[in-house]
Amino acid sequence: MEHSIAADLLAWYDRAARTLPWRAPPGAAPPDPYRVWLSEVMLQQTTTVHAAPYYARFLALWPTVEALAAAPEAAVMAEWAGLGYYARARNLIACARAVAERGGFPDTEAELRELPGLGAYTAAAVAAIAFGRPAAAIDANVERVVARLFAIEEPLPAARKAIRAATEAIVPPARPGDFAQAMMDLGATVCTPRSPKCLLCPLSTHCRGRLTGDPARLPIKAPKKLRPLRAGTAFWIEKDGAVWLVRRAGKGMLGGMRALPDDGWSARADGSGEAPISGAWRAGGLVRHTFTHFDLELGVALYAGERWDDLGEGEWWPADEIEAAGLPTLFAKAARLAIL
DNA sequence: TTCCTGAAAA
DNA sequence: TTTTCAGGAA
């Protein structure tokens, strides 16, 4: 009974698999582990459409894990700009260096799990896709598919144990990598969050959620809490066509990224409003930006004074090449306002 | 609990 | 236009 779920899913995958830049066709030899790992890290909390151009650029710049390990940190962070969750980029570098050091990727789920930036999901995905291990790669797509398939009524996150057990029971010994990718494709294209296309689903005859009449309500999620609104200011300081940029602290919000100087706003408190240098300022507009756990209203202040000493650590960057600075989206928005 | 962003829905 | 939502690691 259970084994036919995998068989039906794989038969569907053989004709309906999405073609993605990092993926081997169904049944083909697995791609280079480096490519599998790079794509999976980029796909953490990120859609395939958004990640694809980043994947192509990274691969062109750094075709091997050794090349990435040898890359300057600042260059990697700048290439990551706009993808979000910048701890992933810091972990990417640390992981590349660890892997280069030990002479290649380990080929078991447990060893992969030890590397920086590889949690339960990514370790299982790389083990299955790159090394053919029968590991259960459970991302949000798989969670949704399995919760519906077995009509798991318990709300998330408590349901994770039951979902894991159910998933492990249907992972096939043959083609576990294709199985993992098929589950993700099914979740992304058929068993979608809002209006699942049950009529097109290769698993509809197995699906107990469908018998309840309304599979779309699964998985049940715990209610989310509302986001506070914070206020802050970013400072645009220009001199002879160049802008003053700083490097943010290595950890925390937008950690390690190039940025405009600001007044210290955070998730927990508004900024002080204090400018990094004294002199006249004029208003450059307001940027609204939403983070996971708070909304931010960032005022942009434009320097109108004429004393540029006492700026501290930072660098002058040509204002007309600000796109190339690798600013995270929040500051890219602020820069766009300032340049108008 | 702390980390971002862009697409989709309202 | 504004709001909601999708998507894992530490």
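The structure is a predicted model. Chain A contains 13 helices and seven strands, and 49% of its 340 residues are buried. Particular attention is given below to the pairing of helices α2 and α8, to helix α9 with its two ends, and to histidine 206.

**Overall form of chain A**

- Taken along the principal axes, the box filled by the C-alpha atoms of chain A is roughly 75 × 45 × 30 Å.
- Contacts between residues at least 6 apart in sequence were examined in chain A, and 68% of them join residues at least 24 apart.

**The pairing of α2 and α8**

- Helix α2 spans residues 33-42 and helix α8 spans residues 120-131; their axes come within 9 Å and cross at roughly 150 degrees.
- Because angles over 145 degrees count as roughly antiparallel, α2 is roughly antiparallel to α8.
- The crossing in which α2 passes α8 is right-handed.
- On the α2 side, the contact is formed by Pro33, Val36, Trp37 and Glu40. On the α8 side, the partners are Tyr121, Thr122, Ala125, Val126, Ile129, Ala130 and Phe131.

**Helix α9 and its ends**

- Helix α9 covers residues 140-149 and is mostly covered, with nine of its ten residues buried.
- The buried residues of α9 are Asn141, Val142, Glu143, Arg144, Val145, Val146, Ala147, Arg148 and Leu149.
- The N-terminal end of α9 is capped by aspartate 139, which has a side-chain oxygen 3.1 Å from the backbone nitrogen of asparagine 141. Asparagine 141 is also one of the buried residues in α9.

**Histidine 206**

- Histidine 206 is located in the loop that runs between α11 (176-189) and α12 (208-211).
- Its relative accessibility is 19%, so histidine 206 counts as buried, the cut-off being under 20%.
- The side chain of histidine 206 forms a polar contact of 2.7 Å with the side chain of aspartate 8.

Technical notes:
Residues are numbered from 1 along each chain as its sequence is written. Chains are lettered from A and ligands numbered from 1 in the order in which they are written. This is a predicted model: local features need pLDDT of at least 70, side-chain atom pairs count only at pLDDT 80 or more; totals for chains, interfaces and linings use all residues. Side-chain values use heavy atoms; hydrogens and water are left out. Axes are lines fitted to C-alpha atoms, for helices over the stretch in contact, and angles run from 0 to 180 degrees between N-to-C directions. Helices (H or I, at least four residues) and strands (E, at least two) are DSSP runs, numbered from the N terminus. Angles under 35 degrees count as roughly parallel, over 145 as roughly antiparallel, 65 to 115 as roughly perpendicular and the rest as oblique. A crossing is left-handed if the near helix is turned anticlockwise from the far one by less than a right angle, and right-handed if clockwise. Contact means heavy atoms within 4.5 Å. Buried means under 20% relative accessible area, exposed over 50%, partly exposed in between (1.4 Å probe, protein chains only). A polar contact is a pair of N or O atoms within 3.5 Å; within protein, one must be able to donate a hydrogen and the other to accept it, and residues adjacent in sequence count only if both atoms are side-chain atoms.
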